[in-house]
Amino acid sequence: MAGEPQADCLFCKIVAGEVPATIVRETENAVAFRDINPQAPTHVLVIPKVHYPDAAALAAGAPAVAADILRVAGEVAADEDVTGAGYRIVFNTGAGAGQTVFHAHAHLLGGRGFNWPPG
């Protein structure tokens with residue numbers, strides 16, 4: 001059920017403390033941790049503590065939590081000192097877009113230049 005922890009979800013296990021992660025920020029609604037396969041000098045995942053399969057489902061089911069994910073991403077960007085040069089927040093939705101963990105999450109990327117359109 002949406003919003004409820006899923007036993008087979010890696011990110012639910014990180015939220016529960018069952019799987020280790022390098023956490024850089026935690027709030028009532030979100031956990032931010034370093035990506036284990038970084039695509040930029042700063043690559044932090046910001047996830048909701050509630051389980052929704054993607055960003056659209058999160059926004060529909062828990063809009064305040066979705067907003068908090070963006071707020072936390074901005075705070076992490078400031079902590080990581082990437083706000084001046086710019087940073088990117090990416091939500092991949094669906095396997096064809098590169099989503100590999102089906103728990104809504106934002107990728108905060110910074111510390112290098114980015115091209116447009118993206119990859």
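Trainee: What should I know about the model before reading it?
Mentor: The model is predicted: local features need pLDDT of at least 70, side-chain atom pairs count only at pLDDT 80 or more, and totals for chains, interfaces and linings use all residues. Residues are numbered from 1 along each chain as its sequence is written, and side-chain values use heavy atoms, with hydrogens and water left out.

Trainee: How do strands make a sheet, and in what order do they lie here?
Mentor: Strands of a sheet pair through backbone hydrogen bonds, either parallel or antiparallel. Strands (E, at least two residues) and helices (H or I, at least four) are DSSP runs, numbered from the N terminus; two strands pair if DSSP finds at least two bridges between them. In this structure five strands form an open sheet in the order β1-β2-β3-β5-β4, with antiparallel pairing. The edge strands, each pairing on one side only, are β1 (23-26) and β4. On average, neighbouring strands of the sheet are turned by 20° against each other, direction ignored.

Trainee: Which helix packs on the sheet, and how is its direction set against β3?
Mentor: Axes are lines fitted to C-alpha atoms, for helices over the stretch in contact, and angles run from 0 to 180 degrees between N-to-C directions. Contact means heavy atoms within 4.5 Å. Helix α3 (residues 63-79) packs on the sheet and touches β1, β2, β3, β4 and β5; its direction makes about 155° with that of β3.

Trainee: Which residues face each other across the strands?
Mentor: Take the pairs in turn. β1 and β2 have three antiparallel bridges, and a hairpin of three residues joins the two strands. Glutamate 26 stands opposite valine 31 in β2. β2 and β3 pair over five bridges; alanine 30 has proline 48 in β3 as its bridge partner, and arginine 34 stands opposite valine 44 in β3. β3 and β5 also pair over five bridges, where leucine 45 has histidine 107 as its partner and histidine 43 stands opposite leucine 109.

Trainee: Are the residues of β3 buried or exposed?
Mentor: Buried means under 20% relative accessible area, exposed over 50%, and partly exposed in between (1.4 Å probe, protein chains only). Seven of the seven residues of β3 are buried. Thr42, Val44, Val46 and Pro48 point one way, and His43, Leu45 and Ile47 the other. In β2, four of the five residues are buried, so β2 is largely enclosed by the rest of the structure.

Trainee: How is a pocket told from a cavity?
Mentor: On a 1 Å grid over the protein atoms alone, a cavity is a set of points where a 1.4 Å probe fits but cannot get out, whereas a pocket is an open set with protein on both sides within 12 Å along at least five of seven lines; lining residues have an atom within 4 Å of a point. Grid points are joined across faces, edges and corners, and a volume is the space filled by probe spheres set on the points. The largest pocket has a volume of about 700 Å³. Of its 32 lining residues, Asp35, Gln39, His43, Leu45 and His107 are the closest to its centre. α1 (10-16) gives the largest share of the lining, three residues.

Trainee: What does the search for cavities find?
Mentor: One cavity of 30 Å³ or more is found in the whole structure. Its lining includes Pro53, Phe91 and His105.
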